[in-house]
Amino acid sequence: STGMESMAAYDSGLVLVADGTRAGTLDSARQLFRQACAEIGEVPAVLMVNKFDLLADWELTPDQLARVRGELPLFETSALSGEGVEAAFEALCEVLP
């Protein structure tokens with residue numbers, strides 16, 4: 001069994017993290033989500049786009065974020081300040097079985 005199949009046995013959710021200052025990480029997070037769904041079925045998930053404290057340095061555009069919001073609950077977060085992190089985990093907990 002794959003690691004993802006084992007994860008499904010626990011009715012887990014996914015916390016995906018992208019780096020707002022590195023645009024490629026958004027595509028990587030989305031690909032991981034699609035891969036997880038393909039292997040274990042639909043799974044609750046949230047996407048944290050981190051480094052909100054460095055918003056001026058972000059490579060991601062509002063249009064890119066808007067498109068992703070149609071696929072996944074998206075939260076702009078800062079690990080440094082903690083902004084948005086609790087809200088993301090609360091949103092995930094609300095949809096867990």
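This is a predicted model: local features need pLDDT of at least 70, side-chain atom pairs count only at pLDDT 80 or more; totals for chains, interfaces and linings use all residues.

Me: What elements does the chain have, and in what order do they run?

Reply: The chain has four helices and three strands. From the N terminus on, the order is α-β-α-β-α-β-α.

Me: What makes β1 and β2 a pair of strands?

Reply: Two strands pair if there are at least two bridges between them. Six bridges join β1 to strand β2 (residues 45-50), and the two run parallel, so they meet the rule for a pair. The chain gets from β1 to β2 through helix α2 (residues 24-40), and this β-α-β crossover is right-handed. Across the two strands, Leu14 stands opposite Ala45 in β2.

Me: What makes Val17 count as buried, partly exposed or exposed?

Reply: Val17 has 51% relative accessibility. Exposed means over 50%, so Val17 counts as exposed. Val17 is placed in strand β1 (residues 14-19). Together with Val15 and Phe89, Val17 makes a nonpolar surface patch of about 240 Å².

Me: How do you know which kind of aromatic pair Phe52 and Trp58 form?

Reply: A search of the whole structure finds one aromatic pair. Phe52 and Trp58 form this pair, with 6.0 Å centre to centre and 70° between the planes. Ring centres have to lie within 6.5 Å, and planes over 60 degrees apart count as edge-to-face. The pair of Phe52 and Trp58 is therefore edge-to-face. As for cover, Trp58 counts as buried at 12% relative accessibility, while Phe52 is partly exposed with a relative accessible area of 22%.

Me: Why is the contact of Asp27 with Arg30 called a salt bridge?

Reply: Side chains of opposite charge can pair when their charged atoms come close. The cut-off is a side-chain nitrogen within 4 Å of a carboxyl oxygen. The closest N and O atoms of Asp27 and Arg30 are 3.7 Å apart, so the contact counts as a salt bridge. Asp27 and Arg30 are three residues apart in helix α2, which means they are separated by about one helical turn. Asp27 counts as partly exposed at 48% relative accessibility.

Me: What links Asp27, Arg30 and Glu71?

Reply: Asp27, Arg30 and Glu71 are linked in a network of salt bridges. Arg30 also forms a salt bridge with Glu71, with the closest N and O atoms 2.4 Å apart. That pair links distant parts of the chain, with Arg30 in helix α2 and Glu71 in the loop between α3 (62-69) and β3 (74-76), 41 residues apart. Glu71 is partly exposed at 39% relative accessibility.

Me: How many salt bridges does the count give?

Reply: The count comes to four. One of them joins Glu76 with Arg69, the closest N and O atoms being 3.6 Å apart. Glu76 is partly exposed, with a relative accessible area of 28%, and Arg69 counts as partly exposed at 41%.

Terms used:
Residues are numbered from 1 along each chain as its sequence is written. Side-chain values use heavy atoms; hydrogens and water are left out. Patches are made of residues with over 30% relative accessible area and no salt bridge: like charges are joined within 9 Å, nonpolar side chains (Val, Leu, Ile, Met, Phe, Trp, Tyr) within 5 Å. Accessible areas come from the Shrake-Rupley method with a 1.4 Å probe; for residues, only the protein chains shown count as cover. Buried means under 20% relative accessible area, exposed over 50%, partly exposed in between (1.4 Å probe, protein chains only). Rings of Phe, Tyr and Trp (its six-membered ring) pair if their centres lie within 6.5 Å; planes under 30 degrees apart count as stacked, over 60 as edge-to-face and the rest as tilted. A crossover is right-handed if, with the strands pointing away from the viewer, the path from the first strand over the helix to the second runs clockwise.
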